[in-house]
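Please work through each task before reading its solution.

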Amino acid sequence: MQPSDWVRSLKTVNLPRMRRHWLASVVLALFASSFPWLSACVAQSSKSTAGSPNPNTAAQTQASDPVLVGAGDIATCGQLEGAEATAKLLDKIPGTVFAVGDLAYPDGSEENFAKCYDPTWGRHKARTRPAPGNHEYRSGGSSAYSHYFGAAAGDPDKAYYSYDLGQWHVVVLNSECPEAGGCAAGSPQEKWLRQDLSQHPQLCTLAYFHKPLFSSGGKHGNDLEVKPLWDALYAAGAEVVLNGHDHDYERFAPQDPDGKSDPDYGIREFVVGTGGKDTHRAMGKPQPNSEARNDDTYGVLKLTLHSKSYDWEFVPEAGKSFKDSGTGTCH
């Protein structure tokens, strides 16, 4: 009798399905041990299937992990080379675009957005979720910014909002504190932030706004006015904060709002003021917990948001070699 005859006969036995499969595998193993050629075939078959992941499964896993990519300090009217260089990077990177303030220089006017931002990063407007910077308020409030982006920029009187991206909760804040009604504890924005975080207790949380609490940039440096926003984010267990303002790239190790290293529960901050502003600015003295810095390369930060972790990659403009990448886990 051939092995296949034994297996077919087992189908008539009145046993649960799993037990019949187990008996069939035992029969095949016994025959294989008696005939070396059959044993070799079984081994080769096991080797070819065990080491080959299902390509469809791999594709589904990759597709389920959203990408957030962007920078701040972008388009300078009259000198758009930097903004065009980073826009070309976005052309090749799918996902949601974050534009973290100072998007159209010099004064965030309707004309600046139409003639400078729109021809560059504007081609990705449909997938952009912006945050305002100080230059957005240089033309009588942020009306041009709000008009350009519409509902994607949130309530025009507040310019702070939140959204979900995959399994992550993303909060967009307004670091122009006076225009937002304040950033202090008890201010409308701070109270809204704490309520929003309590209503979205996701495992992974990310926030972005223009001015950084921590920065080694030689021009601006730390901005303590936004610390109450950090306090709320830290209390809620947020993982990542993205900023601009200083025209450079910087990555910090996880830390608490007082700047103390906290590898277990701290927030990792990235300063990504590398969107194309026509002047690079030299770094100052490195702040505590600063892990990576660069002040001569335009580029974008790409974040791949997994269900329990994230990968970061700084993608430089064509012709530049500076890169920074790594991974972090959610609290």
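**Exercise 1.** Determine how α8 and α9 are oriented relative to each other in this predicted model.

*Solution.* Step 1: two packed helices are described by the angle between their axes and the distance between the axes. Step 2: for α8 and α9, the angle is about 10° and the axes lie 10 Å apart. Step 3: angles under 35 degrees count as roughly parallel. Step 4: α8 and α9 are therefore roughly parallel to each other.

**Exercise 2.** Identify the residues that form the contact of α8 with α9, and sort them by class.

*Solution.* Step 1: α8 contributes Gln-189, Glu-190, Leu-193, Arg-194 and Leu-197. Step 2: from α9 come Pro-228, Leu-229, Asp-231, Ala-232, Leu-233 and Ala-235. Step 3: by class, seven of these residues are nonpolar, one is polar and three are charged.

**Exercise 3.** State which residues of α9 are buried and what they pack against.

*Solution.* Step 1: helix α9 spans residues 227–235, and its buried residues are Pro-228, Leu-229, Trp-230, Ala-232 and Leu-233. Step 2: these buried residues pack against α8 (188–199) and against the strands β8 (204–208), β9 (240–243) and β11 (268–272). Step 3: just after α9, Gly-237 adopts a positive phi of about 85°.

**Exercise 4.** Place the helices in the context of the whole protein.

*Solution.* Step 1: the protein contains nine helices and 15 strands. Step 2: of its 331 residues, 51% are buried. Step 3: among contacts between residues at least 6 apart in sequence, 71% join residues at least 24 apart.

Technical notes
Residues are numbered from 1 along each chain as its sequence is written. This is a predicted model: local features need pLDDT of at least 70, side-chain atom pairs count only at pLDDT 80 or more; totals for chains, interfaces and linings use all residues. Side-chain values use heavy atoms; hydrogens and water are left out. Buried means under 20% relative accessible area, exposed over 50%, partly exposed in between (1.4 Å probe, protein chains only). Helices (H or I, at least four residues) and strands (E, at least two) are DSSP runs, numbered from the N terminus. Contact means heavy atoms within 4.5 Å. Axes are lines fitted to C-alpha atoms, for helices over the stretch in contact, and angles run from 0 to 180 degrees between N-to-C directions. Angles under 35 degrees count as roughly parallel, over 145 as roughly antiparallel, 65 to 115 as roughly perpendicular and the rest as oblique. Ala, Val, Leu, Ile, Met, Phe, Trp, Tyr, Cys and Pro count as nonpolar, Asp, Glu, Lys and Arg as charged, and the others, Gly among them, as polar.
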